[in-house]
Amino acid sequence: MESTSSPLEREQRFREIYDAAYGDLLRFVRRRVHPSQAEDVVGEVMLVAWRRLDDVPADLSGARAWLFGVARKTLQNARRREDRRDAVAVRLAETWHGPADNSHHPDVVAVRVDIAAAWPLLSATDQEAIALSVLDGLSAPEAADVLGISAVAFRLRLSRARRTLRRHLGSSTVGDRLPHAPASERSPR
């Protein structure tokens with residue numbers, strides 16, 4: 001939808017909405033996430049408001065409700081991303097520990113818990129490298145194509161990611177049980 005207002009009018013309107021809703025919106029978000037993340041979420045909401053200013057209701061009360069709806073959806077998207085990351089950690093633990101028939105064995109459960117706890121500590125780059133190798137079973141050249149880097153660069157990235165994961169797993173014996181040669185390193189094409 002094309003806006004008929006001037007840039008100055010758009011900016012003024014956004015400022016009015018921002019001033020009217022920011023404090024309430026921040027309190028709304030702080031009740032639902034860690035306080036350190038609340039301002040980032042509100043920033044995302046305000047960015048959406050700026051981009052979709054023509055969709056924001058004209059009255060301030062309606063605009064405030066619209067912003068709360070955007071905040072709610074932003075929080076839901078963040079939770080889905082976290083759930084996917086946790087699910088990847090569990091799938092990694094299952095992959096490293098073999099078939100699911102012994103999935104209730106205390107050692108298997110301990111490995112899953114350790115990996116699930118360590119997974120969020122990895123950077124997104126490290127998570128991606130490990131997931132492409134272990135979960136997707138891609139060779140180094142295949143994973144490198146996915147990332148748009150050389151196979152050598154992928155092998156270095158994967159090696160650093162595995163080393164970082166082991167460091168996060170700490171002194172537990174889990175790190176010793178991790179596979180030392182994932183599919184991507186065993187089958188260079």
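**Exercise 1. Lining of the largest pocket**

Task: In this predicted model, determine which helix gives the most to the lining of the largest pocket.

Solution. Step 1: Helix 2 (35-51) and helix 3 (60-97) each supply at least two lining residues of the largest pocket. Step 2: Helix 3 gives the most, with seven residues. Step 3: The volume of the largest pocket is about 220 Å³. Among its 13 lining residues, Gln37, Val41, Ala78, Arg81 and Glu82 are the closest to the centre. Step 4: Sorted by class, this lining holds seven charged, four nonpolar and two polar residues.

**Exercise 2. The second largest pocket**

Task: State which elements give two or more residues to the lining of the second largest pocket, and which domains it draws at least three residues from.

Solution. Step 1: The second largest pocket has a volume of about 190 Å³. Its lining includes Arg81, Arg84, Arg85, Trp119, Gln127 and Glu128. Step 2: Two or more lining residues come from helix 3 and from helix 5 (124-135), and helix 3 gives the most, with six. Step 3: At least three residues come from each of domain 1 (1-91) and domain 2 (104-175). Step 4: The classes are five nonpolar, five charged and one polar.

**Exercise 3. Aromatic pairs of Phe14**

Task: Classify the pairs that Phe14 forms with Tyr18 and with Trp50.

Solution. Step 1: The whole structure contains four aromatic pairs. For Phe14 and Tyr18 the centres are 6.1 Å apart and the planes are at 40°, a tilted pair. Step 2: Phe14 and Tyr18 lie four residues apart in helix 1 (residues 7-30), so about one helical turn separates them. Step 3: Between Phe14 and Trp50 the centre distance is 5.3 Å and the plane angle 80°; because planes over 60 degrees apart count as edge-to-face, this pair is edge-to-face. Step 4: This second pair links distant parts of the chain, with Phe14 in helix 1 and Trp50 in helix 2, 36 residues apart. Step 5: Ring pairs join Phe14, Tyr18, Tyr22 and Trp50 into a cluster.

**Exercise 4. Accessibility and charges over rings**

Note on methods. Residues numbered from 1 in each chain as written. Predicted model: local features only at pLDDT ≥ 70, side-chain atom pairs only at ≥ 80, totals over all residues. Heavy atoms only, no water. 1 Å grid on protein atoms, 1.4 Å probe; cavity = no way out; pocket = protein on both sides within 12 Å on 5 of 7 lines; lining within 4 Å. Points joined across faces, edges and corners; volume = space filled by probe spheres on them. Nonpolar A, V, L, I, M, F, W, Y, C, P; charged D, E, K, R; others polar. Domains from an automatic or database assignment. Phe/Tyr/Trp six-rings, centres within 6.5 Å; stacked < 30°, edge-to-face > 60°.
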